[in-house]
Amino acid sequence: MSVVTIAGVTKTFKSGNVTALENIDLELEAGEFVSLIGPSGCGKSTLLRLIGDLVEPTAGRVTVNGKTAHQARLDRDYGVVFQDSVLFDWRTVSKNIALPLELLGWDRDRRRERVRKMLELVELTGFENHHPWQLSGGMQQRVSIARALSFEPALLLMDEPFGALDEMTRERLNLELLAIWQQLRSTVVFVTHSISEAVFLSSRVVVMSPRPGRIAGLVPIDLAYPRTVETREDPHFFELVTQVRELLRLRGEHLLPEEEAVVR
Amino acid sequence: MTVRVARQLAEWLPPLVVLVGVLAIWQGAIVAFHIQQFLLPKPTAIAQAFWHERHTLWPAGWYTFKEALGGFFGGSLLGFAFAVFAARFRAAGSALLPIAIAANAVPIIAFAPIANIWFDPLSPRSKMAIAGVLCFFPVMVNTLRGLTSVRPPQLELMRSYAAGEIEIFRRVRLPTALPYIFTALKVASVLSMIGAIVGEYFGGAFNALGVLINSDAQIFDFTTAWAGIAVASLLGIALYLAVSLTERAVVRWAPEARDS
């Protein structure tokens with residue numbers, strides 16, 4: 001069953017008359033882990049925001065769970081994680097995680113119980129009364145993930161969530177995220193700059209090309225779950241990485257050198 | 001506990017030393033250069049007047065302090081309300097803001113006699129109006145700045161939860177603005193005392209501090225006038241400290257509070 005259907009979506013920004021996305025068609029199945037990858041300006045973040053009804057399409061339709069993206073947002077079908085953890089400094093870790101639960105009107109006991117579970121899930125038990133600035137970047141992002149998952153949304157939207165973290169923290173959080181995903185079986189849309197991260201995490205990689213943003217190709221990742229540290233050393237892993245890289249190169253000849261570097 | 005006391009002491013000691021030093025230099029300079037006491041009385045003389053006149057000065061100070069408080073709360077509340085309105089309805093806000101800025105540019109000295117006529121010079125309400133006008137602007141500008149300095153991802157996050165404007169205000173905008181608001185309230189606390197006293201210079205109740213300072217100066221009783229000024233300063237500082245303590249209790253997450 002498809003959770004997200006994107007049909008003929010075009011997005012033009014009024015400022016500068018930029019066509020961020022042109023005629024995008026894409027279907028996401030329930031329980032999929034889909035990465036959107038591409039160089040800067042390919043509209044991958046915009047596509048994520050279109051799914052989450054944080055921006056509206058200029059043309060075309062986004063359907064989520066059989067309803068409009070707007071209705072899905074009102075029904076709280078989305079958990080969103082940004083590159084910045086967007087934690088509120090005046091709230092403790094617990095209260096940050098409980099924020100969406102408060103908005104949903106859960107009572108205190110139910111909130112506390114869920115927060116406890118989420119802390120366990122992201123392995124932050126013992127930090128409930130810390131404030132965000134007392135945590136490392138990786139821990140902050142784990143709180144952000146716990147918050148996004150706390151109300152069991154149908155869809156988890158992640159916009160370069162580990163982009164600001166160092167390589168080692170990023171790889172550890174990749175493993176943790178996969179473990180969480182396999183436990184909860186929610187559908188994940190994951191925007192990233194990193195080819196290896198996209199291949200390692202996803203069941204499918206959507207490769208995008210810039211100006212205007214288009215889908216350059218889809219790469220199904222047929223590596224078995226659960227994926228482990230060894231997965232990164234699997235020859236097939238490298239084949240898939242190469243495949244994604246080729247697609248990026250094919251459609252991105254006019255990329256600027258520094259953007260190549262970001263794509264790696 | 002002892003660490004806490006030591007830290008408090010370390011915080012208070014330097015300004016205390018400076019204060020004592022300034023008073024000593026002041027006293028010494030008057031003695032050394034034979035400065036006339038109507039130009040600048042000795043701190044010791046002021047302290048004497050402060051003590052002798054305590055039964056008139058403090059009740060007068062209290063009377064004026066209440067006026068300042070009324071202006072402080074009234075003006076700050078209006079400033080806050082205006083900022084909330086301007087932050088919510090940007091168009092209306094940008095139409096009204098230049099007028100508020102222009103009104104703020106009117107010298108309070110010019111406004112004081114007018115306020116006295118509008119609201120009966122003998123009534124505390126006229127002084128509250130003057131103090132309130134002084135407090136309004138800093139609170140309004142800072143609150144508006146705070147309410148609108150919410151980072152876009154925070155709003156995006158709240159929108160992804162389908163949170164309404166009121167929820168966003170309560171859970172994001174107001175907490176973001178609180179440090180700004182307290183900065184403004186500290187400025188306003190001192191301004192309110194100034195406003196009340198300036199108002200009294202243009203006529204006020206017989207037992208008001210500003211009237212007292214003014215009449216003492218006119219009969220060349222400068223030491224008592226200075227003692228009155230000291231009372232006014234102390235009360236202004238007291239209000240400032242009260243706001244600071246409230247801030248510490250309320251804004252625990254602000255960077256300044258993070259070390260303690």
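In this predicted model, helices H6 (residues 124–147) and H8 (residues 165–201) of chain B have axes that come within 7 Å and cross at roughly 160°. Angles over 145 degrees count as roughly antiparallel, so that's what H6(B) and H8(B) are to each other. Their crossing is right-handed. As for what sits in the contact of H6(B) with H8(B), you'll find 18 nonpolar, 9 polar and 4 charged residues.

Further along chain B there's another pair, helix H9 (residues 209–218) and helix H10 (residues 222–250), packed at an angle of about 160° with their axes 8 Å apart. H9(B) and H10(B) are therefore roughly antiparallel too, but the crossing here is left-handed. On the H9(B) side, the contact uses Leu209(B), Leu212(B), Ile213(B), Asp216(B) and Ala217(B). H10(B) brings in residues including Phe222(B), Thr224(B), Gly228(B) and Val231(B). By class, that contact has 9 nonpolar, 2 polar and 1 charged residues.

Here are the two pairs together:

| Helix pair | Axes and angle | Handedness |
|---|---|---|
| H9(B) and H10(B) | 8 Å apart, about 160° | left-handed |

Now for the chains. How many residues of chain A are in contact with chain B? There are 17, and they meet 13 residues of chain B. On the chain A side, helix H2 (69–74), strand S6 (78–81) and helix H3 (93–103) each give two or more residues. That side of chain A divides into 11 nonpolar, 2 polar and 4 charged residues.

Notes: Residues numbered from 1 in each chain as written. Chains lettered and ligands numbered in written order. Predicted model: local features only at pLDDT ≥ 70, side-chain atom pairs only at ≥ 80, totals over all residues. Contact = placed C-beta atoms within 7 Å. Helix = DSSP H or I, 4+ residues; strand = E, 2+ residues; numbered from the N terminus. Nonpolar A, V, L, I, M, F, W, Y, C, P; charged D, E, K, R; others polar. Axes fitted to C-alpha atoms, helices over the stretch in contact; angles between N-to-C directions. Parallel < 35°, antiparallel > 145°, perpendicular 65-115°, else oblique. Left-handed = near helix turned anticlockwise from the far one by under 90°.
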